[in-house]
Amino acid sequence: MRFKFIALFLLIFSTLLAYDFSMINLINPSGLKSREGEFMIRHRFYGDITDAPLDNFLGMDAGANVNLSARFQFYRKAEAKISYSRRKSEKIAGLAYRIDIEDFPVYGQLGIDYFSYEELSQPETTRKNMFYHLSLQNEELFERLVATINTAYDGYNERLVTGFGLTIMITDNMSLLGEYYPVLDRDNANVKLSQYMGAEDAFAFGIKLDTYAHQFIFLLSNSDDVGLRRVSLGVADDSYLRLGFNIQRRLEF
């Protein structure tokens, strides 16, 4: 595993611009074109990067949460996606539609997901519902800054979800990313929800390397969850930094 991770840093083989202003966990308005698709791997290691970093190779020997997903634009600006995460065996199927307004510097995407996951410690093990989301991004400000805002509704937990992100373009194919996922309802959460809600907010930051058909994100986060709905539940107050990465591959059909 450790040699595979090192090899990812060597897979930068083009300086052409990427197809998407993708983020770490936030949902971004799709940059795919009609009859294009994408396959993504998201990997979050469980280990603390400061706990015997040489022996545990920065926490990578402690296992990981892995997510596999794919999406396809089947009609102009409309796409479908599927996703599977190792943690809680979470499965997602969704639809999304990109919104562009002529001469307006902000664009967006509306989406709806059906999700199902397992809570094996509970009498009712399978949890399922809908997740409704809106993503907004601006055109590059000063040709360097892109902000991403997500707002969503988690149907199972009956709560509003939000997240904020910033992309700083260092070069045409290298960017710095930062994301923050505030828990807005921690103080008034019901008993059922509060047992799954962390005392602190989750965040992530990293570096993105773009090529014509690939994107690589190498990151640090205080959460090993994947996706906006999961990280919006927060983390424990004694949480630590973990390594992670995303790999995205554009496909043409």
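Here are some notes on the charged residues of this predicted model.

1. Ground rules. Residues count from 1 along each chain as its sequence is written, and side-chain values use heavy atoms, with hydrogens and water left out. Since this is a prediction, local features need pLDDT of at least 70 and side-chain atom pairs count only at pLDDT 80 or more, while totals for chains, interfaces and linings use all residues.

2. Salt bridges overall. How many salt bridges does the count come to? It comes to 17, where a salt bridge is a side-chain nitrogen of Lys or Arg within 4 Å of a carboxyl oxygen of Asp or Glu. As background, side chains of opposite charge can pair when their charged atoms come close.

3. Arg-250 and Glu-36. These side chains form a salt bridge at 3.8 Å, N to O. The pair links distant parts of the chain, with Arg-250 in strand 12 (residues 242-252) and Glu-36 in strand 1 (residues 36-45), 214 residues apart. Strands here are DSSP runs of E, at least two residues, and helices are runs of H or I, at least four, numbered from the N terminus.

4. Glu-90 and Arg-229. Here the closest N and O atoms are 2.9 Å apart. Glu-90 and Arg-229 are both buried.

5. Two more to look at. Glu-79 and Arg-71 meet in a salt bridge at 3.1 Å, N to O, and both are buried. Then there's a salt-bridge network that links Arg-87, Asp-224, Asp-225, Arg-230 and Arg-242.

6. Arg-127. Is Arg-127 buried or exposed? Arg-127 counts as buried because its relative accessible area is 6%. Its place is in strand 6 (residues 126-138). Leaving aside residues up to four places away in sequence, Arg-127 touches Phe-115, Ser-116, Tyr-117, Glu-119, Gln-122, Tyr-156 and Tyr-196 (contact means heavy atoms within 4.5 Å). Tyr-156 is 29 residues from Arg-127 in sequence, yet their C-alpha atoms are 7.6 Å apart.

7. The negative patch. Glu-139, Glu-140, Glu-143 and Asp-172 form a negative surface patch; patch residues have over 30% relative accessible area and no salt bridge, with like charges joined within 9 Å and nonpolar side chains (Val, Leu, Ile, Met, Phe, Trp, Tyr) within 5 Å. Asp-172 lies in the loop between strand 8 (159-171) and strand 9 (174-181). Asp-172 is classed as partly exposed because its relative accessible area is 48%.

Conventions. Areas by Shrake-Rupley, 256 points an atom, 1.4 Å probe, with all protein chains shown as cover. Lys, Arg positive; Asp, Glu negative; His and termini not counted. Charge placed at Lys NZ, Arg CZ, Asp CG, Glu CD. Buried < 20%, exposed > 50% of the residue type's maximum accessible area, 1.4 Å probe, protein only.
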